[in-house]
Amino acid sequence: MRMSPRDWSIRSLLIALAIAPVLVMLAALVSAMFLSAQKDLKADIDEKGQLVAAALAESSQYGVISENRNVLEQTMRMLAATDKTVVRLAVLNIDGEILASFQVADSAGQKTFEFSHPISSQPVEANYFDSTTQLHMPQQSSGVVKDKKQEVLLGRAIVVIGAAPFLTAKHRAIYSVLLLASVAAFCGGVFGLVLAKRIEQPLREVMRAMMQIRQGQYNVEVSRVAGGELGELQEAVVDMSRALSSQWQWLESKVEQRTKELQKANLEKGKLIAHSNMMLESERKRIALDIHDQLNPSLIAIRLAASALAANDPKSLRAEEVKKLAGDIFSTADEIYANARRIVKSLRPEIMDTLGFNKALAELVRQFNVMQKHCCFDVVVMEGTPNLNGDVAITAYRVIQEGLSNIVKHAQATEAMVTVDSAEAGKVRVVIRDNGKGFDVNRGRGEGVGLIGVNERVAHYGGSFSLKSGPAGTILCAEFPVS
Amino acid sequence: MLGKTGSKSVHLRRRIVTQSIVVGAFCSAKGSKGALPGAEVRALVSGSTELVRPFIEAFGSRQKNFYYDSNLRSLVARRGRAIYLALGPVSLSTLLEADVDGPIISVFVASQAYKQIISSAKVNRVKQVTGVFAECSPDSQLELTYAIFQRRISVGVLLSSSTAGSEDLIRRAAQKHNIELVAHMVSANANPVRELNRFSDVTAILAVPDAAIFNSQTLRGLLESTYRRGQGIIGFSASMVMAGTLATAYAAVDDVAAQVDEIVQFISRERAPESQYPYYWRVEINKQVARSLNIMISDGVLTLGNRPRAR
């Protein structure tokens with residue numbers, strides 16, 4: 001099955017990492033050498049050919065002037081003996097005829113390059129007494145004439161250079177470099193493998209530790225077998241496992257705590273539901289009693305009065321009797337109406353619908369002041385506080401009603417203050433404080449269901465509820481969001 | 001132009017104080033009939049004065065009644081009798097063409113060029129022309145050759161049509177100095193270097209001024225060819241020795257000045273003496289070439305020659 005590099009093991013990757021750069025460098029080096037050798041080869045051949053041609057031209061000057069073929073051949077033989085790259089030498093006269101030629105080697109099977117160099121005589125300056133314009137002075141200075149125009153072309157020197165010796169030399173050089181490069185690559189590879197092995201072991205340790213962590217074993221131990229960054233990596237893994245372990249323990253304890261809290265909340269909710277059911281039954285019972293005790297007797301009285309009227313002959317009744325019965329029915333109906341209104345009022349504060357939250361609150365505080373002579377209740381609604389409406393207003397009203405009832409029942413306070421304000425935009429805060437004896441908040445909340453109900457009511461409307469209590473009194477605070 | 005420095009009409013001239021009494025007394029003492037006592041020696045300079053200045057100074061120290069100029073008109077416009085000095089081929093041709101009134105002495109003109117110029121001059125004018133050739137005589141050269149080798153040797157000489165007439169003179173000189181001469185005529189289109197192959201047995205080559213044989217194009221080949229054979233070239237000018245020939249007899253400026261001074265003493269108005277090779281000469285040796293050819297040069301060779309009297 002063919003594996004992609006992505007699937008390679010660490011060992012394979014490290015070996016590739018160690019070997020690949022060496023191989024790439026080797027390939028680049030060999031390519032560069034071949035390119036350079038090709039360029040150098042032509043330059044070397046050109047240089048050698050021109051040099052040999054110039055040398056042949058210079059050394060053949062006399063042979064061409066004197067047409068001494070023996071001298072020319074001797075010159076060419078000597079030149080060929082000193083340079084193994086020469087394949088053929090020839091000297092031509094000014095007419096292009098071959099004066100002498102020398103075949104050094106067989107050029108078959110190798111590429112050859114031909115070079116040519118002019119053979120010219122450099123005039124020698126002296127007084128030859130041959131001028132018709134110059135003085136014929138015997139001591140006139142002499143020397144080589146510098147003017148190239150005065151050089152006389154005598155012929156040409158032809159040199160044929162074979163590429164084989166150059167190629168051999170270049171190949172030898174390339175092979176030498178290749179051998180050295182291969183040795184260097186081998187050493188580099190071995191060195192890379194050693195390094196890879198040194199890297200692999202710590203990485204394997206780290207891998208093992210990571211796998212343990214993945215399996216939930218946070219207390220891993222990694223022996224530090226490497227220095228430097230790999231050692232730091234190993235240490236980091238160990239530190240990380242320790243941190244994960246402690247985090248895990250913290251989370252476990254947190255979950256346990258939250259579970260307990262949830263169980264407690266569920267218990268409270270059960271109590272609240274039971275209390276609510278009890279309250280509901282109690283309220284039904286009270287309403288039934290109210291109807292039975294207050295409405296039914298009045299209705300029976302009205303029935304009896306109406307029956308008396310219906311049973312007697314209207315002509316037999318006197319006007320006083322009819323008036324008296326009508327008066328009884330009227331007063332009894334008034335009584336029924338008053339009782340019904342009281343019952344309704346106890347079910348829902350009517351004043352809330354007619355006067356609004358603030359007035360209803362003021363009436364509530366007034367009623368408590370009437371009921372409780374030893375405690376002074378007061379209420380302050382701060383200016384700019386949004387007016388609460390609807391169910392939120394009812395809830396706030398009930399929260400305050402519960403708070404004031406608790407003060408009356410438990411606090412033994414002499415002063416109580418209800419403050420309604422808007423400490424935060426979009427929220428209405430209700431604060432009830434008293435100077436009572438206070439209570440243990442945790443215990444109080446655990447046993448009583450009133451405060452639980454308050455908390456649940458506030459939470460139901462997205463508000464918040466807090467309670468502080470001490471020897472100096474109690475502060476109840478509830479915040480309600482307002483749209 | 002002599003001494004011209006900006007203005008065409010101005011010619012720098014050098015006037016030597018006339019001492020005609022000395023010249024006249026010399027002439028009288030020699031009893032030469034028709035000599036030119038008191039004649040002013042007037043030199044016509046062509047080309048650079050700097051080249052001939054050593055001669056002017058050397059001759060001026062001997063001949064006090066001496067005047068030189070690069071302007072011919074200025075020269076002939078001078079009063080009194082005169083002997084004219086032609087310094088170089090151009091001056092000689094100019095003086096001959098100008099038909100100046102007085103004898104002409106040619107200096108620094110080689111024999112071949114001299115004969116060429118004279119051959120084209122008026123016949124009656126030729127009688128009044130003489131000269132000292134630029135090169136030394138074959139006699140001097142072969143005397144030097146013998147002195148160098150100290151034995152009877154054979155010497156080769158290449159001649160062309162223009163120098164063929166010198167063969168007898170050279171042969172007589174060779175005979176005089178116990179030298180075997182091998183002369184070879186070089187045809188017009190022949191390669192002088194190749195012609196040297198005929199001299200495979202000679203010990204030295206005598207070079208004579210011949211433009212067809214010894215020139216700037218052939219000298220290198222000639223030198224190389226003779227060197228390969230172990231032959232030395234006896235040149236005809238000191239500059240050729242510097243260029244690579246073995247040795248030469250040559251007339252230095254002082255030597256020429258002394259000889260010209262003597263000619264001035266004897267020259268007559270009607271007829272000038274025959275042109276002649278330098279009487280005074282000395283030797284120039286290329287010691288490096290001699291060492292390369294394995295030739296030992298004795299001290300006597302270096303002092304060979306004929307020096308003029310000091311004045």
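**Close-up views of a predicted two-chain model**

**View 1. The bend in helix 5 of chain A.** Helix 5 of chain A bends by about 35° at A:Leu295, with a proline, A:Pro297, following within four residues; the bend at a residue is the angle between axes fitted to the seven residues ending there and the seven starting there, while helices (H or I, at least four residues) and strands (E, at least two) are DSSP runs numbered from the N terminus. The model is predicted, so local features need pLDDT of at least 70 and side-chain atom pairs count only at pLDDT 80 or more, whereas totals for chains, interfaces and linings use all residues. Residues are numbered from 1 along each chain as its sequence is written, chains are lettered from A and ligands numbered from 1 in the order in which they are written, and side-chain values use heavy atoms, with hydrogens and water left out. Helix 5 covers residues 228-311, 84 residues in total, and reaches 117 Å from its first C-alpha to its last, close to the 124 Å expected at 1.5 Å a residue; the expected span is 1.5 Å times one less than the number of residues.

**View 2. Buried positions along helix 5 of chain A.** Among the buried residues of this helix are A:Gly231, A:Gln234, A:Val238, A:Leu272, A:Asp290, A:Leu295 and A:Ile302, where buried means under 20% relative accessible area, exposed over 50% and partly exposed in between (1.4 Å probe, protein chains only). The buried residues pack against helix 4 (164-214), helix 6 (319-347) and helix 11 (450-460) of chain A, contact meaning heavy atoms within 4.5 Å.

View 3. A:Glu200, placed in helix 4 of chain A, is buried, with a relative accessible area of 5%. Apart from its neighbours within four places in sequence, A:Glu200 is in contact with A:Ile10, A:Arg11 and A:Leu14.

**View 4. A salt bridge between chain A and chain B.** The side chains of A:Glu67 and B:Arg194 meet in a salt bridge (2.7 Å, N to O), defined as a side-chain nitrogen of Lys or Arg within 4 Å of a carboxyl oxygen of Asp or Glu. Helix 10 (219-229) of chain B is one of the elements that each supply at least two residues of the side of chain B that touches chain A, and helix 10 gives the most to that side, with seven residues. The rule finds one salt bridge across this interface. The two chains bury about 3,000 Å² between them, 61% of it on carbon and sulfur atoms; this buried area is the accessible area (1.4 Å probe) that two parts lose on being put together, summed over both. The contact takes 40 residues from chain B and 31 residues from chain A. A:Glu67 itself is found in the loop between helix 2 (61-66) and helix 3 (69-82) of chain A, has a positive phi of about 55° although it is not a glycine, and counts as partly exposed at 34% relative accessibility.

**View 5. B:Phe108 in strand 5 of chain B.** B:Phe108 lies in strand 5 of chain B and has a positive phi of about 60° although it is not a glycine. At 2% relative accessibility, B:Phe108 counts as buried.
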